[in-house]
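Thanks for coming, everyone. Please take a moment with the sequence and the structure before I start talking.

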Amino acid sequence: MKILHSKSVVRETRAFMPPIDGSASGLRKGQSGRILVVGGSSEYTGAPFYASMAALRSGADIAHVACHPRAGAAIRTLSPELIVHPCLDPVLTANEAAQRVLEIAKRVHVVVIGPGLSRDSFMLDVAARILLGLKEQEKMVVLDADALFLCSQRPELVNGYRNAVLTPNHGEFLRLCETLNIPVSDNERVDAVNLLSSRLGCCIVLKGEEDIVSNGTSVCIRERGSPRRCGGQGDLLSGIIATFISWMLGAKAGLYSRQANVPSTKDIGDKHIADALKGKTRVLEESRLSRNAIGDAGAASVIVNLIDEDVMADVPVLLLMCSAACILVKQVARRAFDMKGRAMTATLMVDVVGDVFSESFDEAESKKRN
Ligand SMILES: NC(=O)C1=CN([C@@H]2O[C@H](COP(=O)(O)OP(=O)(O)OC[C@H]3O[C@@H](n4cnc5c(N)ncnc54)[C@H](O)[C@@H]3O)[C@@H](O)[C@H]2O)[C@@H](O)CC1
Ligand SMILES: Nc1ncnc2c1ncn2[C@@H]1O[C@H](COP(=O)(O)OP(=O)(O)OP(=O)(O)O)[C@@H](O)[C@H]1O
């Protein structure tokens, strides 16, 4: 497994970001990301709000939410920016509700399914139909929370869906592995993540103290997050992954090509980014030294010493984008915890996404600080 150095991931990710310094004023509304979040039920209204607001705050232009009517009323009062479609409505048939969502999905780059969806049978039925429709459209999707519960009940829904990114927490990961008869032990967790990814044919982002991102082979993110485990942090991550993926698609379509360093479209996508980005990102093979043995500072110096300019050649863009989102969310969690300690909440995290993003990812800001 490769451990990705956060600074290198950030540096590489910049090549895929829409410019914000006025150098590409030709960009139109929507070209920097249109996201749809499918979730939000009568019980859970916060989760889709966190996901969609995090998508906006990290830089997507437009965020839609398709939800249960009761969630819709609440979400509208939380934010006027979100475009709310209360179409997961039990007065419709599951098929009618799914068709409405699939129509909206045609207008967006990435669909997040799951935050606050609940395990209500109607909601899961609609989600399953949406998933099948999106697979047919070859839409990029991010599946989280109850959508992962659905996948553990019906793995065939995502089988072979190569444009799907699954973002399980520990419990969701165990459930998926149990369904697919994949043994999980602490020592062999990485093997289990790789196996889950290979068996389903999807990208997996396993959340935890260290995040593991796999498309059959994995990379690991060791950015320090927050010791506080308040609900909603995973929702933020799903929305932010969606934003980064929308930029991957935008770069692939040549939208940001006025920016220096943007790789040519043929080099992006599922192919490796070796030629486009060669030598700029620094990744290293995992040191055999355990962090327990050498401590964080020791590990950091091992990392720096082992840097290999060319190894990034093996990291596909989708993994890079997911890794960037994992790093950002950890940094956001750390900032929110520094501000409020035990009183930190996901709402505060949403509030600080913009500042943390520009300090960490926007080159001019980051230069000012260093
Ligand atoms: N404000 C809101 O509206 C929020 C709503 N949320 C929604 O709440 C719903 C349920 O999500 P939960 O994460 O509670 O789902 P679960 O009911 O699967 O999990 C309950 C808790 O137990 C943990 N867990 C489950 N299985 C475990 C295992 N085998 N080992 C260790 N830990 C395990 C989970 O991580 C979680 O913290 C989802 O729709 C989700 O999106 C959450 O996203 C949090 C915020
Ligand atoms: N032990 C931990 N230490 C630090 N960060 C963690 C830890 N566990 C998870 N995280 C981070 O918290 C974020 C959310 O992960 P978590 O496992 O809480 O997801 P979740 O249960 O799906 O969240 P949600 O409450 O939104 O449903 C991710 O960025 C993850 O990397």
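One definition first. A residue is buried if 20 or more other C-beta atoms lie within 10 Å of its own, exposed if 12 or fewer, and partly exposed in between. Take S118. S118 has 23 C-beta neighbours inside 10 Å, so S118 counts as buried. Keep that cut-off in mind. And keep in mind that this is a predicted model.

Now the overview. The protein chain has 370 residues, and buried residues make up 50% of them. The chain has 14 helices and 11 strands. Look at the contacts with a separation of 6 or more. Residues 24 or more positions apart account for 72% of those.

Back to S118. S118 sits in the loop between β5, residues 110–113, and α5, residues 121–137. Its phi is positive, about 80°, and S118 is not a glycine. Some background here. Most residues other than glycine have a negative phi.

A145 is another case. A145 has a positive phi of about 50° and is not a glycine either. A145 is in the loop between β6, 140–143, and α6, 146–153. Buried or exposed? A145 has 27 C-beta neighbours inside 10 Å, so A145 counts as buried.

The buried residues of α5 are M123, V126, A127, A128, R129, I130, L131 and L134. What do these buried residues pack against? They pack against β2 (34–38), α4 (94–105), β5, β6 and α6. As a reminder, an α-helix has 3.6 residues a turn, so residues three or four places apart point the same way.

The largest nonpolar core has 116 residues, and A127, C322 and A325 touch the most other members. α12 gives the largest share of this core, 15 residues. In soluble globular proteins, nonpolar side chains tend to be buried together. Which residues does A127 touch, not counting residues up to four places away in sequence? The list is V38, I113, L117, A147 and L150.

Next, A325. A325 lies in helix α12. With 31 other C-beta atoms within 10 Å, A325 is buried. Leave aside its neighbours within four places in sequence, and A325 is in contact with L237, I240, I241 and F244. For scale, take A325 and C151. They are 174 residues apart along the chain, and their C-alpha atoms are separated by 23 Å.

Now the ligands. Ligand 1 has 18 residues around it. Which come nearest? They are G46, A47, A145, G171 and G231. The largest share comes from α7, with 3 residues. By class, the shell has 6 nonpolar, 10 polar and 2 charged residues.

On to ligand 2. There are 16 residues around it, and the closest are N169, K207, G225, Q233 and G234. α9 and α12, residues 317–340, are the elements giving two or more residues to this shell. α9 has the largest share, 4 residues. How does this shell divide by class? It has 3 nonpolar, 7 polar and 6 charged residues.

One more helix, α13, residues 346–360. How far apart should its ends be? At 1.5 Å a residue, its 15 residues should span 21 Å, and the end C-alpha atoms are 20 Å apart, which agrees. Even so, α13 has a kink of about 45°, centred on V352. Its buried residues are A346, M349, V350, V353, V356, F357 and S360.

Last stop, α1, residues 6–14. R11 is in this helix. R11 has 19 C-beta neighbours inside 10 Å, so R11 counts as partly exposed. R11 and N163 are 152 residues apart along the chain, and 24 Å separates their C-alpha atoms.

That's my tour.

How values were computed. Residues numbered from 1 in each chain as written. Chains lettered and ligands numbered in written order. Predicted model: local features only at pLDDT ≥ 70, side-chain atom pairs only at ≥ 80, totals over all residues. Near = placed C-beta within 6 Å. Nonpolar A, V, L, I, M, F, W, Y, C, P; charged D, E, K, R; others polar. Expected span 1.5 Å × (residues − 1). Bend = angle between axes of the 7 residues up to and from the residue. Core = buried A, V, L, I, M, F, W, Y, C linked by C-beta atoms within 7 Å. Contact = placed C-beta atoms within 7 Å.
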